[in-house]
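Colleague: I would like to learn how to read a model like this one. Could we take it feature by feature?

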Amino acid sequence: MTVPDFQSFFRPTLEALQDGQEYRWRDIRETVVDLMEISQEDREDLVPSGAEPRYINRINWTVTYLSKAGLLTSTKRGHGRISERGRALLKQKSGKIVTSDLDEYPDFLSFRTANRKSDTQEVASAIAPVHSESPDEQLDTLYAELSAALADELLTQVRALTPQQFEILVVQLLVAMGYGGSVRDAGQALGRSGDNGIDGVVKQDPLGLDKVYVQAKQWANNVGSQEVRNFSGSLTYHKASKGVLITTAGFSSSATDTARQIGNIILIGGDTLAELMIQYGVGVITRSTYLVKKTDSDFFEGI
């Protein structure tokens, strides 16, 4: 079983409050999930961003939606009760309550179409979708999809680079991550290509007291355990304590196991390379920035 879709929380939340008593919103969560018979395992399922359990996010948004529709009434900060409108809907509507039911209330429809054009077609397109996820989850999912598409596009570009261009890319990424001190320092260090299996050495600290040895290759196929052992031998030859093996491909399971057993080698495959490029802004530009904010409860508690 998985956590039920977002709209499935509407009715149980109203039912948890149907006695008309005042409740703290966060205190009804367990009542709701008990009514829905959500397992303990599913209660530990997180939203895509990993910020909080999925069921908590969906209940929080359920309270917002029901409140905007006038089905719940806020009594004081973080507290509320079911309204007469909410009780009436429970009696009138049998079975699952969905977003289209809430659209029947003008206040909720205004909330759903806020910041939209007044054009009839635009409003219709705003209220048509029926989502199984909360708004937070939809945003997280879309972000994950955009990031995956970007990573795939980045890898295509990286694999088309010449070995020299790939080395430059590695330099810029390492510097962006805080290694090497500067592009010039790191570039000079990585210029020692072919030195007994080592493609470069970069500083781990500004003074160069600790160094990281790097091997960066554009392999077409997954790297096997033998390449990892060879790199380990090169580290031993140089009396090096740390090494990073970077490839545009991936690593076989035996290569991963070998690196884990050796202990001082970090493997960076194509997927991880793309993620790091995105994270540290190498080879990408910011197209748009959206600041998603939420109420600071601690602020209001301190007033």
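**Reading the helix packing**

Modeller: Start with a pair of helices. α12 and α13 are roughly parallel to each other, because their angle falls under 35 degrees. Keep in mind that this is a predicted model.

Colleague: How is a packed pair described in general?

Modeller: Two packed helices are described by the angle between their axes and the distance between the axes. Here, α12 covers residues 225–237 and α13 covers residues 253–262. The angle is about 25°, and the axes are 7 Å apart.

Colleague: Which residues of α12 and α13 make the contact?

Modeller: From α12, S225, V228, R229 and S232. From α13, S254, A255, T258, A259 and I262. By type, the residues of this contact of α12 with α13 divide into four nonpolar, four polar and one charged.

Colleague: Now another pair. At what angle do the axes of α9 and α14 cross?

Modeller: At roughly 110°, and the axes come within 9 Å. Angles of 65 to 115 degrees count as roughly perpendicular, so α9 is roughly perpendicular to α14.

Colleague: Which residues meet there, and of what kind are they?

Modeller: S147, L150, A151, L154, L155 and V158 in α9 meet G270, D271, L273, A274, M277 and I278 in α14. The contact of α9 with α14 divides into nine nonpolar, two polar and one charged.

Colleague: Take α10. How far apart are its end C-alpha atoms, and what should the helix span?

Modeller: α10 runs over residues 163–176, which is 14 residues. At 1.5 Å a residue it should span 20 Å. Its end C-alpha atoms are 20 Å apart, so the two agree.

Colleague: Which residues of α10 are buried?

Modeller: F166, L169, V170, V171, L173 and L174. The cover over them includes the helices α9 (135–159), α11 (183–189) and α14 (270–279). It also includes the strands β4 (200–203), β5 (211–217) and β6 (243–247).

**The cores**

Colleague: Which residues have the most contacts inside the largest nonpolar core?

Modeller: F9, L14, L71, L72 and L102, in a core of 29 residues. The elements that give two or more residues to this core are α1 (10–16), α2 (29–35), α4 (54–68) and α5 (84–92). α4 gives the most, with six residues.

Colleague: What does L72 touch, leaving aside its neighbours within four places in sequence?

Modeller: L72 is in contact with L14, L17, W25, V63, L66, S67, R81, I82 and S83. There is also a second, separate core of 21 residues, and V170, L174, V212 and V244 are among its members. V170 and L174 are also among the buried residues of α10.

Colleague: Where do E37 and K239 sit, and are they buried or exposed?

Modeller: E37 is in the loop between α2 and α3 (40–43). E37 is exposed, with a relative accessible area of 65%. K239 lies in the loop between α12 and β6. K239 is exposed too, at 79% relative accessible area.

Colleague: What phi does G178 take?

Modeller: A positive one, about 105°, just after α10. G178 is in the loop between α10 and α11. At 52% relative accessibility, G178 counts as exposed, because the cut-off is over 50%. G178 and Y280 are 102 residues apart in sequence and 9.9 Å apart in space, C-alpha to C-alpha.

**The whole protein**

Colleague: How many helices and strands are there in the protein?

Modeller: 15 helices and seven strands. Buried residues make up 38% of the 303 residues. For contacts with a separation of 6 or more, 61% join residues 24 or more positions apart.

Key. Residues are numbered from 1 along each chain as its sequence is written. This is a predicted model: local features need pLDDT of at least 70, side-chain atom pairs count only at pLDDT 80 or more; totals for chains, interfaces and linings use all residues. Side-chain values use heavy atoms; hydrogens and water are left out. A nonpolar core is a set of buried Ala, Val, Leu, Ile, Met, Phe, Trp, Tyr and Cys residues joined through side-chain atoms within 4.5 Å. Buried means under 20% relative accessible area, exposed over 50%, partly exposed in between (1.4 Å probe, protein chains only). Helices (H or I, at least four residues) and strands (E, at least two) are DSSP runs, numbered from the N terminus. Contact means heavy atoms within 4.5 Å. Axes are lines fitted to C-alpha atoms, for helices over the stretch in contact, and angles run from 0 to 180 degrees between N-to-C directions. Angles under 35 degrees count as roughly parallel, over 145 as roughly antiparallel, 65 to 115 as roughly perpendicular and the rest as oblique. Ala, Val, Leu, Ile, Met, Phe, Trp, Tyr, Cys and Pro count as nonpolar, Asp, Glu, Lys and Arg as charged, and the others, Gly among them, as polar. The expected span of a helix is 1.5 Å times one less than its number of residues.
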